Amino acid sequence: MNQIFSIPTTSAVTAGPQQFESILHSRISAQIPALGASFTANYGAIPQQNSAAPQDRLMMDMDDALGQENLKTTLIADQGADTILQTANQMENQVATTTPGSNPYLTAQAQVSNLRCQAYLQKMLAAQLRQEAGRIAHDNALLKRRTTITGGINSLITGALTAH
């Protein structure tokens with residue numbers, strides 16, 4: 001079973017994405033600072049102030065922040081899952097050497113591990129929901145801007161037609 005978790009699933013071929021991918025696959029939360037730097041190196045920084053509209057820059061910033069948050073949460077959850085698996089292995093090994101009457105303690109230990117696992121899964125789900133909410137807000141902002149632009153163009157056309 002442990003071999004399943006060590007199957008290589010890398011697919012990047014150039015140096016920058018390979019580094020980014022290796023950080024993501026490391027399953028070590030201490031790699032979070034390197035993840036942020038690698039993300040920016042691969043996907044670019046937010047454009048300078050005069051290079052893009054302020055609303056676009058805000059949306060890019062929010063999208064990048066939500067994306068990085070989810071990637072960082074994934075690293076933390078992977079490390080947590082590894083810890084839970086190690087605990088489960090230790091508990092299985094303890095069963096072979098336990099004395100009669102110790103089963104209630106092992107059961108309590110298993111329940112605590114199960115609660116930790118559920119907490120990690122809930123955190124991952126919450127991060128995904130936040131990212132989806134950010135994506136929806138971004139789409140709504142773009143739609144509002146298009147509607148405003150279209151309304152302004154329609155006003156100009158109507159004004160020009162009534163003037164003639």
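Trainee: Among contacts between residues at least 6 apart in sequence, what share joins residues at least 24 apart in the protein chain?

Mentor: The share is 62%, with contact meaning heavy atoms within 4.5 Å. This is a predicted model: local features need pLDDT of at least 70, side-chain atom pairs count only at pLDDT 80 or more, and totals for chains, interfaces and linings use all residues. Numbering starts from 1 along each chain as its sequence is written, and side-chain values use heavy atoms, without hydrogens and water.

Trainee: How many helices and strands does the protein chain have?

Mentor: It has 4 helices and 0 strands. These are DSSP runs numbered from the N terminus: H or I of at least four residues for helices, E of at least two for strands. The order from the N terminus is α-α-α-α.

Trainee: How do I read the packing of H1 and H2?

Mentor: Two packed helices are described by the angle between their axes and the distance between the axes. Here H1 (residues 15-25) and H2 (residues 32-43) pack at about 150°, axes 9 Å apart. Axes are lines fitted to C-alpha atoms over the stretch in contact, and angles run from 0 to 180 degrees between N-to-C directions. So H1 is roughly antiparallel to H2 (an angle over 145 degrees). Their crossing is left-handed: the near helix is turned anticlockwise from the far one by less than a right angle.

Trainee: Which residues make that contact?

Mentor: H1 gives Gly16, Pro17, Gln19, Phe20, Ile23 and Leu24. H2 gives Ala34, Leu35, Ser38, Phe39, Asn42 and Tyr43. They divide into 8 nonpolar, 4 polar and no charged residues.

Trainee: Which residues form the largest nonpolar core?

Mentor: In soluble globular proteins, nonpolar side chains tend to be buried together. Here the largest core has 5 residues: Phe20, Ile23, Leu35, Phe39 and Leu75. Core members are buried (under 20% relative accessible area, 1.4 Å probe, protein chains only) and joined through side-chain atoms within 4.5 Å. H1 and H2 are the elements giving two or more residues to this core. Look at Ile23: beyond four places in sequence, it touches Gln31, Ala34, Leu35, Ser38 and Leu75.

Trainee: Is Gln68 buried or exposed?

Mentor: Buried, because its relative accessibility is 15%. Gln68 lies in H3 (residues 54-97). Outside four places in sequence, Gln68 contacts Gly36, Phe39 and Thr40. Over the whole protein chain, 17% of the 164 residues count as buried.

Trainee: Where does Arg27 lie?

Mentor: In the loop between H1 and H2. Arg27 is at 23% relative accessibility, so it counts as partly exposed (the class between 20% and 50%).

Technical notes: Angles under 35 degrees count as roughly parallel, over 145 as roughly antiparallel, 65 to 115 as roughly perpendicular and the rest as oblique. Ala, Val, Leu, Ile, Met, Phe, Trp, Tyr, Cys and Pro count as nonpolar, Asp, Glu, Lys and Arg as charged, and the others, Gly among them, as polar.
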